[in-house]
Amino acid sequence: HEERVQGGPRGKSIQVMLDAALERERHVDELVMQLQPHPRAEAHRAAVFRHIKRMVQHVASGEKPQEDEGAVAREEEEMQIHRFGSVPLKTYLPHGDLDVTAFAADDKWLQKLKEALEAQARQDDAQCVVSGVYSVPHDLNRPAHAEVVKVVKCQIDGISVDVSANALGGLFTLCLLEKVDHLVGDRHLFKRSMVLIKAWCYFESRILSSQNGLLATYALETLVLCIFNLFRPQLSTPISVLAKFLEYFANFDWGNCCLTIRGGVNKEDIRRGTVPDVPETQDSALLLNDSILESDEHLKAIMLGPKEEHRGFQWKNLNICDPLSNTNNLGRSVSRGNALRIRRALVHGWRDLSAVLGDPSGAKGTIHTFYKYTMRTLTGNRPDVGDICIAAHFRTNGTSTPSCRSADFSHSQHSQQSFDTGSTMSRSSGDAEHTMIMSDEEDDKEERSARRDAEGGNTSLNTALNAILTQPTAHWPDVAEAHEEAGGSRDRRDSGAKSGDSEKEGERSERSEPSQGE
């Protein structure tokens, strides 16, 4: 500190490192702000959800689609239809898909929905543009194995949509991740980090796509959850979470261990198809520790998981234990070659990021070069809204104000107005208030619908699901403004720190490109 004040050589070096760290954080915050859910993307996905919901209700009831909201509301009592996955969690990428599930006595309506979508795809004057309709498996009327999830897939107005039946596990996962985000806090650090890591896995390393034998989204979410559970006190920014993510999993013994949210479990310890629970040690500072799991009734009920049948934990090429089921391997779809590819990508990613973080001059790379394929993909129009462009700062090294081809919309000008439509969450004394945006009225109505258990017998489970789903799902605060407020104290301590404006086609892989829906 004395050398820094006196302007000595070591003090100047420390000043350069601090300036570089602040600049990296600003660039990461700008990147996350461009990747995070946009108000127009939210509105677009909400419209797609309302359309597919009307179609599901119509094929399930055998009547014509109801266009008026009153008729839709009357049919809600007969069939519960919900979104799950990254869209209600607000961690989807611009290319992300929409997962929808409907709860009914059986799944015979799935084949009718597929036929209705195919018919709509052939219409020239349809209300929405439908294309790419198919199902897994192809014949939905044939009996399938208990672990085979029947899904109808399609594209509606440019958004990939997956529709399944009675996916209670998806709602449990949504509840768990939303609860973890509340526990982590810090302006939705968990969700911001999730988007940053997901972008690296999808655009840079191309290891995110369960349909191509790579990581599934839920498996990646479990990896990020593991990092927060083990190292929460060390994590303060999305870039620190990314660094710890790559460091930990680049050195993880994937060949002999199964990953759980509490660390690794040796292969020899997995007996009778069940991964044993990792006990909490006296030195560990787990986010989801035993005391929290015992005291929080909602979280306790969620961690019990849905009562789904699995054949037992099967050792595969990449082994990731489902946090809600000790018998479910989330890495079972990863092939041997892709498992090696994932491990190499993690090692190379950690090596490259270490070089970026350790070189304040930027000679060995910057955040822009580390996310070069992400920037190339997002340069131009956002695919989920049509005409919103990436920040000009990332294209021209000029101003960081996002540009837009549409003259009536600017992300930087209208984002705060959108965030003002929600509630304000006050933090402890000395912290800034951060404004949150709520989902639109229609979505709140859907998420408030009481979640009925498939068998209707678990009271504590229903209580937990209702408590989580009835909480209004909030957007994140404006990252640029929040960074300016939260980082103001650091900037004031360092008068020499720089203050800046806050605010796909990369090279094709030799292997098949991950699907757009993932």
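Is E23 buried, partly exposed or exposed? E23 is partly exposed, with a relative accessible area of 23%; here buried means under 20% relative accessible area, exposed over 50%, and partly exposed in between, computed with a 1.4 Å probe on protein chains only.

Good morning, colleagues. This is a predicted model, in which local features need pLDDT of at least 70 and side-chain atom pairs count only at pLDDT 80 or more, while totals for chains, interfaces and linings use all residues. Residues are numbered from 1 along each chain as its sequence is written, and side-chain values use heavy atoms, with hydrogens and water left out.

Let me stay with E23 for a moment. The residue lies in helix 2, residues 9–35; helices (H or I, at least four residues) and strands (E, at least two) are DSSP runs, numbered from the N terminus. The side chains of E23 and R26 are joined by a polar contact of 2.7 Å. A polar contact is a pair of N or O atoms within 3.5 Å; within protein, one must be able to donate a hydrogen and the other to accept it, and residues adjacent in sequence count only if both atoms are side-chain atoms. E23 and P360 are 337 residues apart in sequence, yet their C-alpha atoms are 9.7 Å apart in space.

I turn now to helix 10. Of its 13 residues, 12 are buried, so helix 10 is largely enclosed by the rest of the structure. Among the buried residues are P238, K244 and Y248. Helix 10 covers residues 238–250, and at 1.5 Å a residue it should span 18 Å; its end C-alpha atoms are 18 Å apart, which agrees. The expected span is 1.5 Å times one less than the number of residues.

How does this helix pack? Two packed helices are described by the angle between their axes and the distance between the axes. The axes of helix 10 and helix 13 (residues 336–357) come within 8 Å and cross at roughly 135°. That makes helix 10 oblique to helix 13. For reference, axes are lines fitted to C-alpha atoms, for helices over the stretch in contact, with angles from 0 to 180 degrees between N-to-C directions. Angles under 35 degrees count as roughly parallel, over 145 as roughly antiparallel, 65 to 115 as roughly perpendicular, and the rest as oblique. Residues of helix 10 including L242, F245 and F249 meet a set in helix 13 that includes L346, W350 and L353.

Next, two buried helix residues. Q120, in helix 6 (residues 109–121), is buried at a relative accessible area of 13%. A polar contact of 2.8 Å joins its side chain to that of H51. I52, in helix 3 (residues 39–61), is buried with a relative accessible area of 0%. Leaving aside neighbours within four places in sequence, I52 is in contact (heavy atoms within 4.5 Å) with V100, L113, L117, I156, V161 and V163.

Finally, the backbone. Most residues other than glycine have a negative phi, and most peptide bonds are trans. K90, in the loop between helix 5 (86–89) and strand 2 (98–103), has a positive phi of about 65° and counts as buried at 1% relative accessibility. H188 has a phi near 60° and, at 9% relative accessibility, counts as buried. The peptide bond from V136 to P137 is cis, with omega near -5°.
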